[in-house]
Amino acid sequence: MTQCHDFSCASPAQPAAHLASGPLPPPILDFFHDVVCGWCYVMSPRLRQVAGELGLRVRQRSFVLQASRAEMVARFGSMEQAKQTILGHWEACAQHDDTQRIDIEGMRRESFEYPSGLAGALACQAAQLLEGDEAHWNLFDAIQHAHMSAHRNIGDAEVLLDIATHTGFERNAFARCMESAEALNLVRQDLALAQHLGLRSIPSVIAPGLPTLQTLPLDLLRERLRSLVG
């Protein structure tokens, strides 16, 4: 399998004998993703399923591959070439998608330029600020569905607000949060963490004691993550 690319343990202390040992907290994973990444669309439902089965906690992390139109042009040469090249990537993603949700021809027919992932990342971080990781993940999946299955323009703030409202957020409060310095700071903090970890591709799942996990079939992902729970 492949993934989108950015082109640019010690054992826990034993409780004292006289203290009752409570349940251990669930292992924590960090899921780095971009709303415009087809491989993230393939990976996210698999990770959801396995995390639910094994009782794992997943923290959501933004990793924007290109943050602006100018970065898109610098990477691909033109916006037209960006769309053509990325839809070629979609074809590979569609071959590995478990439920065949990716509408390549639908996006090909749309007249808007292929969006960068920054606006969607800001929306996801607004969900994080308002309601936490689960809300972040739910909105991320909803934005990806709008992008890759319904071929909507997720670079448009109004489209993102429509999606957020549909998932249960109050529109005006969400808009203020999406436009806030706090949301942008979270995007930047996640990018800095990714750089610190040496990540250059997404999806990337960071799990304690394991190599970085990228797009894996469901059974293999389950096998790799089962080691976290004994």
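1. Helix 2 and helix 3. In this predicted model, helix 2 (residues 69–76) and helix 3 (residues 79–96) pack at an angle of about 70°, and their axes are 8 Å apart. Angles of 65 to 115 degrees count as roughly perpendicular, and the two helices are therefore described as roughly perpendicular to each other. The residues that meet are Arg69, Met72, Val73 and Phe76 from helix 2 and Met79, Gln81, Ala82, Thr85 and Ile86 from helix 3. Sorted by class, this contact has 6 nonpolar, 2 polar and 1 charged residues.

2. Which strands make up the open sheet, and in what order do they lie? The sheet holds 3 strands in the order 3-2-5, with mixed pairing. Strand 3 and strand 5 are the edge strands, as each of them pairs on one side only. From one strand to the next, the twist averages 25°.

3. Strand 2 with strand 3. Strand 2 and strand 3 (residues 57–62) run parallel and are joined by 6 bridges. Individual positions can be followed along this pairing. Ile28 stands opposite Arg57 of strand 3, Leu29 has Val58 as its bridge partner in strand 3, and Asp30 stands opposite Arg59 of strand 3. The chain passes from strand 2 through helix 1 (residues 38–54) to strand 3, and this β-α-β crossover is right-handed.

4. Strand 2 with strand 5. Does strand 2 run parallel or antiparallel to strand 5 (residues 204–206)? The two strands run antiparallel, and 3 bridges join them.

5. Helix 6 (residues 133–148) lies across strand 2 and strand 3, and it runs at about 60° to strand 3.

6. His136. This residue has its place in helix 6. Is His136 buried or exposed? Its relative accessibility is 0%, so His136 counts as buried; the limit for a buried residue is under 20%. When neighbours within four places in sequence are left aside, the contacts of His136 are His33, Gln60, Ser62, Cys124, Gln125, Ala127 and Gln128.

7. Two positive phi values. Gln100 is not a glycine, yet its phi is positive, at about 50°. Gln100 lies in the loop between helix 3 and helix 4 (104–109), and with 55% relative accessibility it counts as exposed. His151, likewise not a glycine, has a positive phi of about 40°. The place of His151 is the loop between helix 6 and helix 7 (157–166). With a relative accessible area of 17%, His151 is buried.

8. A cis peptide bond. Where in the chain does Pro203 lie? Pro203 is found in the loop between strand 4 (201–202) and strand 5. The peptide bond that leads from Ile202 to Pro203 is cis, and its omega is near -5°.

9. Glu182. This residue belongs to helix 9 (residues 181–197). Glu182 has a relative accessibility of 47% and therefore counts as partly exposed. Along the chain, Glu182 and Ser149 are 33 residues apart, and their C-alpha atoms are separated by 30 Å.

Conventions
Residues are numbered from 1 along each chain as its sequence is written. This is a predicted model: local features need pLDDT of at least 70, side-chain atom pairs count only at pLDDT 80 or more; totals for chains, interfaces and linings use all residues. Side-chain values use heavy atoms; hydrogens and water are left out. Two strands pair if DSSP finds at least two bridges between them. Helices (H or I, at least four residues) and strands (E, at least two) are DSSP runs, numbered from the N terminus. A crossover is right-handed if, with the strands pointing away from the viewer, the path from the first strand over the helix to the second runs clockwise. Axes are lines fitted to C-alpha atoms, for helices over the stretch in contact, and angles run from 0 to 180 degrees between N-to-C directions. Angles under 35 degrees count as roughly parallel, over 145 as roughly antiparallel, 65 to 115 as roughly perpendicular and the rest as oblique. Contact means heavy atoms within 4.5 Å. Ala, Val, Leu, Ile, Met, Phe, Trp, Tyr, Cys and Pro count as nonpolar, Asp, Glu, Lys and Arg as charged, and the others, Gly among them, as polar. Buried means under 20% relative accessible area, exposed over 50%, partly exposed in between (1.4 Å probe, protein chains only).
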